[in-house]
Amino acid sequence: MKVLYGPDVHISENTAIAIGKFDGLHIGHKKVIDELMHYSKLNNFKSVIYTFEKNPKLVLNQDNFVPLMTN
């Protein structure tokens, strides 16, 4: 596993990407990751999970939001 951080990340290989705020590994997140891995393996792609530092709910001013875990 590699952790890439910042706006200047460049990926030059065939890649499948799951996008979301993975703030905990619940059954929904596990399903997304399982599908990503399956698709990547079938197509010989690298797999990437793109997540956000801030939860979109915080960006949308929902102050009462409490994250499940931090980055």
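Residues are called buried when their relative accessible area is under 20%, exposed when it is over 50%, and partly exposed in between, with a 1.4 Å probe and protein chains only. By this criterion, 17% of the 71 residues of the chain count as buried. The model is a predicted one, in which local features need pLDDT of at least 70 and side-chain atom pairs count only at pLDDT 80 or more, while totals for chains, interfaces and linings use all residues. Numbering starts from 1 along each chain as its sequence is written, and side-chain values use heavy atoms, with hydrogens and water left out.

Confidence comes first. The mean pLDDT (the predictor's confidence in each residue, from 0 to 100) is 82 for the chain, and 76% of its residues reach 70 or more. Helix α1 has the highest confidence, at 94, whereas helix α2 (residues 56-59) has the lowest, at a mean of 68. Where pLDDT is low, the predicted coordinates should not be read in detail.

The chain contains two helices and two strands, taken as DSSP runs numbered from the N terminus (helices: H or I, at least four residues; strands: E, at least two). Read from the N terminus, the order of these elements is β-α-β-α.

Beyond its neighbours within four places in sequence, His-29 is in contact with Lys-21, Phe-22, Asp-23 and Gly-24.

Two salt bridges are found in a search of the whole structure, each defined by a side-chain nitrogen of Lys or Arg within 4 Å of a carboxyl oxygen of Asp or Glu. One joins the side chains of Lys-30 and Asp-34, at 3.1 Å from N to O. Because Lys-30 and Asp-34 are four residues apart in helix α1, about one helical turn separates them. Lys-30 is partly exposed at 45%, as is Asp-34 at 38%. Lys-31 bridges to Glu-35, with 3.2 Å between the closest N and O atoms. Lys-31 and Glu-35 are likewise four residues apart in helix α1, about one turn of the helix, and Glu-35 is partly exposed, with 43% relative accessibility.

The structure also holds one aromatic pair, formed by Tyr-39 and Phe-45 in an edge-to-face arrangement, 6.0 Å centre to centre and with 70° between the planes. Rings of Phe, Tyr and Trp (its six-membered ring) pair if their centres lie within 6.5 Å; planes under 30 degrees apart are stacked, those over 60 edge-to-face and the rest tilted. Tyr-39 is partly exposed, with a relative accessible area of 44%, and Phe-45 is partly exposed too, at 27%.

Asn-44 sits in the loop between α1 (27-43) and β2 (46-50). Its phi is positive, near 55°, in a residue other than glycine. Most residues other than glycine have a negative phi. The relative accessible area of Asn-44 is 69%, so this residue is exposed.

Terms used
Contact means heavy atoms within 4.5 Å.
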